[in-house]
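Visitor: I would like to go through this structure and ask on what grounds each label is given.
Guide: Let us look at it together, then.

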Amino acid sequence: MSDPRTELSQQTEWMLAVRDRRDRQAFACLFDHFAPRLKGFVMRSGSSSHQAEEIVQDVMLAVWRKAASYDPHRAPVSAWIYQIARNRQIDLVRREKRPLPEEWIDDTGSEPDASQILAVEQEAGHLKAALARLKPDQREMIEKAYLGELTHHEISTMTGLPLGTVKSRIRLGLERLRHELKALEP
Amino acid sequence: MSSITHHVPDAMLAAYAAGALPQAFSTVVATHVSLCPECRAGMEAHHGAGGALLEDTPEATVTQGTRDAVLALLDMPFVPEPVYERRGIYPGPVAELLKGQPPQWKTLGMGVRQSILSETRDGSVRLLSIPPGQAVPDHGHNGIEMTLVLQGSFTDETGRFAAGDLEVADETLEHTPVADAGETCICLAATDAPLRFRALVPRLLQPIFRI
Ligand SMILES: [Zn+2]
């Protein structure tokens, strides 16, 4: 049995195989893992089963097509797919394109940094654990928030959320961004 | 590296990440994030929380037809979505609304100019250009107003706002932003209700008085 701290998660391995080698087998594995969760997730915010299948199709195709922009140093696969799914669902509902920030492209040409990727995965694990500790009503609120069902005002009045864990992710992300910014300096 | 001191409030960043922020405000947040590594990291952290929930969502069976369709489409050629590059002081999300063109300025008097980028029932996005030392025209806003500095700086009762800084004001904030000395201050401003410049009224009445 290998030390889990030195092994990337299966999802990350699959995603990197798709990104770097256009590996269809790995994509099928990603599909089988994420598509049923995505469908369940999308249906929670009121999409019909049929509509949800369409969104799943769009999102999974986008995963294949946008794979080049996936950066495991910055986000776990689930976070990257969550963001694609929310964009797709909003574009469909509002019938206009949601404004997105400029893409942050890490063109520093640096080698993959396994310890950073593992740190991102570890933080994702902490977040998952924090969510599991929530009381049912808190859990429901946070689900609503991330399904886009609460206004920013409603979110600002929420208490008892695992915000500390979100904050540690922010620190981690910042560290990485600072590292990249430094590398970009002349 | 980054000298930004006024950021997107965290609840707003979460709402943006979840897609619950009105379109006009989303434009301002997307623009600020384009300029601010700290808020980009914050946004990505919220994506991380969303992703953790996604991982944890009970599965719903996806039909074999959908799976087959996706796998069959992998080789289909596709047109990537257009990417709008930063244009001078205008980050990608603003360049997109400008459709890659320079702003079409309209004068509001006293050297103040505006360029409306989008205006709907649900809100407006505009660029404001304020000469050094000049106050932003007196304007009422019912809901929330977000102002992001793209060039120069302004100061009001709550502090000083320089390039990249974001001010979020609700109706309770009586403020008079004044552009600081130096460069012309150019801001991206969004409201969730139509904005009315009171200073516009006398100007509109002028032709009548001239008759
Ligand atoms: Zn910021």
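Visitor: Which residues does B:Ser129 touch, not counting residues up to four places away in sequence?
Guide: First, a caution: this is a predicted model. B:Ser129 touches B:Trp105, B:Gly111, B:Val112, B:Arg113, B:Thr184, B:Cys185 and B:Ile186. B:Ser129 itself lies in strand β3 (residues 123–130) of chain B.

Visitor: Why is B:Ser129 called buried?
Guide: Its relative accessible area is 2%. Buried means under 20%. B:Ser129 is therefore buried.

Visitor: What separates the C-alpha atoms of B:Ser129 and B:Cys185?
Guide: The separation is 5.7 Å, although the two residues are 56 residues apart along the chain.

Visitor: Why is A:Arg22 called partly exposed?
Guide: Relative accessibility is 37% for A:Arg22. Buried requires under 20% and exposed over 50%. The value falls in between, so A:Arg22 counts as partly exposed. A:Arg22 sits in the loop between α1 and α2 of chain A. Its phi is positive too, near 50 degrees.

Visitor: What makes up the secondary structure of chain A?
Guide: Chain A has 8 helices and 0 strands. Of its 186 residues, 51% count as buried. Take contacts in chain A between residues at least 6 apart in sequence: 68% of them join residues at least 24 apart.

Visitor: How do you know that the span of helix α4 of chain A is close to the expected one?
Guide: Helix α4 (residues 77–94) of chain A has 18 residues. The expected span is 1.5 Å times one less than the number of residues, which gives 26 Å here. From first C-alpha to last, the helix reaches 26 Å.

Visitor: Which elements do the buried residues of α4(A) pack against?
Guide: In chain A, they pack against α1 (10–21), α2 (24–44), α3 (49–65) and α6 (136–146). In chain B, they pack against α1 and α3. A:Trp80, A:Ile84 and A:Ile90 are among the buried residues of α4(A). After the helix comes A:Arg95, with a positive phi near 55 degrees.

Visitor: What makes the contact of A:Arg24 and B:Asp75 a salt bridge?
Guide: Their side chains meet at 2.4 Å, N to O. The cut-off is within 4 Å, so the pair qualifies as a salt bridge. Across the interface of chain B and chain A, the rule finds 9 salt bridges. There are also 23 residue pairs in polar contact between the chains, both residues at pLDDT 80 or more.

Technical notes
Residues numbered from 1 in each chain as written. Chains lettered and ligands numbered in written order. Predicted model: local features only at pLDDT ≥ 70, side-chain atom pairs only at ≥ 80, totals over all residues. Heavy atoms only, no water. Polar contact = N/O pair within 3.5 Å; in protein donor to acceptor, adjacent residues only side chain to side chain. Helix = DSSP H or I, 4+ residues; strand = E, 2+ residues; numbered from the N terminus. Buried < 20%, exposed > 50% of the residue type's maximum accessible area, 1.4 Å probe, protein only. Contact = heavy atoms within 4.5 Å.
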